[in-house]
Amino acid sequence: MSGLRFEIDGVEIAARDGQTIMEAADAAGVYIPRLCDHEGLRHQGGCRVCTVKCNGRSVAACTEPAPPDAVVENETPHINKMRRDLVEMLFHEGNHLCPICEASGNCELQAMAYRLDMTDPTRFPYLEPCRPVDASHPDIALDTNRCISCGRCIRASQDIDGKGIFGYVGRGIHRHVAVNGPDLAHTDATIDDVAVSADVCPVGCIIRKRVGFSRPIGERDSDHGLIGSNAKAKADD
Amino acid sequence: MTEPRKARVATASLAGCFGCHMAILDMDEHLIDLMQRVEIHRSPLTDIKSFRHRCDIGIIEGGCCNEENVHVLRDFRRNCDVLIALGQCAIMGGLPAMRNAVMHSDAPLRECLEEAYITGRDIRNVTHNIPNDPALPLLLDKVYPCSEVVEIDVQIPGCAPTGDVIFNALSKLLDGKFDGFERESIRFD
Ligand code: SF4
Ligand code: SF4
Ligand code: SF4
Ligand code: FES
């Protein structure tokens, strides 16, 4: 049988040839934090929240092929501090008013902030961009103030729905996600698209209308433990 | 031997909804434990309006939306050893900060006030004016998080934080052992 072994934080992991570090870790029930990667979607390697040290070198676990015999560090204070800084900058780059957000409690960005202990007084200024809300579509709304440009909707729409409704426009700090038309109502987006399904957008940007706040406090994702705390159970399934 | 002096705590509500002060009361019976160790000085709970003593802990609810908020916050920083931002409004502006980024507007404050007092639907404002009495504190261009105005030592997240989170943080601070929160107890809402 072809395959290789490496270790993450002292735990030996078996990997198949061609697997990424994250895929092998997931199969073994070891959680590596992530935002732009999503099961079933092509890897993008954009957010860098999954950064691990592989033989001392920083790599994105979601795109890096599993390295034979390597020593990988994942949950160290130093790496988690860098991850926290990345997540904090995402909060500062958009307008994240969790108390009024329908994704609150079911949001991966917020859950990552909880996991990474993001409670210290902030050191970055808030960018407070003025971004549009697109509520033109009868079933879907977009509040781009919360978009973290993870590209998950882009890949889902292109690769799974075969539609290409979402895409990046602009460059540098101005790069953002836009729809392929004057607004969402003028695209062929439908509520059944995988790209707008509840799990694809990690934050509260793609909103399915008329379902917000349907899960009460106490029953939301974050009320069942830290994000990633079910990694072992998922791997055993 | 004399009893150790109780720690002095001051609190203030700036641009907040008083929900975080309600959350302080939400400590319920823990308040009895806490009051063995602290006395409340300047606070809406005591109606003491200015500092007569230096305080060990200052607790701020709400960010800064007007010049009076800035004045009070600076006064707290000058008079308190440890300054706590309590709740999302104090930490990042919270709900009042929604006025900072009014969509498509170059003058969000003006647009917000005009909609609230003049152009909004169902408004009955006989003067057709935006309130401008000289007694009103001047509004700031934006709502600022406390940490953009003064140095903040501790943030207690939540909207509002639960009584338990507040009690645990204060108890540990009083013990000199505060080292952050249990991750499972953190909430931003
Ligand atoms: S998208 Fe997530 S982080 Fe942003 S406001 Fe909503 S719940 Fe908070
Ligand atoms: S809309 Fe959602 S899924 Fe798409 S890029 Fe923004 S955050 Fe990611
Ligand atoms: S954080 Fe929430 S509860 Fe506290 S003052 Fe602001 S809106 Fe009110
Ligand atoms: S999850 Fe790997 S870079 Fe985003």
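B:Cys55 stands opposite B:Cys80 in strand S5(B), and the two strands concerned, S3 (residues 55-61) and S5 (residues 80-86) of chain B, pair in the parallel sense over 6 bridges. The model described here is predicted. In it, 24 residues of chain A are in contact with 23 residues of chain B.

**The sheet of chain B**
- In chain B, 5 strands form an open sheet in the order S2-S1-S3-S5-S7, with parallel pairing.
- Strand S2 (38-40) and strand S7 (154-156) of chain B stand at the edges with a single partner strand each, so one side of each is left without a neighbour in the sheet.
- From one strand of this sheet to the next, the twist averages 25 degrees.
- Helix H6 (residues 163-175) of chain B packs on the sheet, where it touches strand S1 (7-13), S3, S5 and S7 of chain B, and its direction makes about 160 degrees with that of S7(B).

**The hairpin of chain A**
- Strand S3 (residues 51-54) and strand S4 (residues 57-60) of chain A run antiparallel and are joined by 4 bridges, with A:Ser58 in S4(A) as the bridge partner of A:Lys53.
- These strands, S3(A) and S4(A), form a hairpin with 2 residues between them, and A:Asn55 in the turn has a positive phi of about 50 degrees.

- On the side of chain A that touches chain B, helix H3 (residues 108-115) of chain A gives the most, with 3 residues.
- The residues on that side of chain A divide into 12 nonpolar, 8 polar and 4 charged.

Methods: Residues are numbered from 1 along each chain as its sequence is written. Chains are lettered from A and ligands numbered from 1 in the order in which they are written. This is a predicted model: local features need pLDDT of at least 70, side-chain atom pairs count only at pLDDT 80 or more; totals for chains, interfaces and linings use all residues. Two strands pair if DSSP finds at least two bridges between them. Axes are lines fitted to C-alpha atoms, for helices over the stretch in contact, and angles run from 0 to 180 degrees between N-to-C directions. Two residues are in contact if their C-beta atoms, placed from the backbone, lie within 7 Å. Ala, Val, Leu, Ile, Met, Phe, Trp, Tyr, Cys and Pro count as nonpolar, Asp, Glu, Lys and Arg as charged, and the others, Gly among them, as polar.
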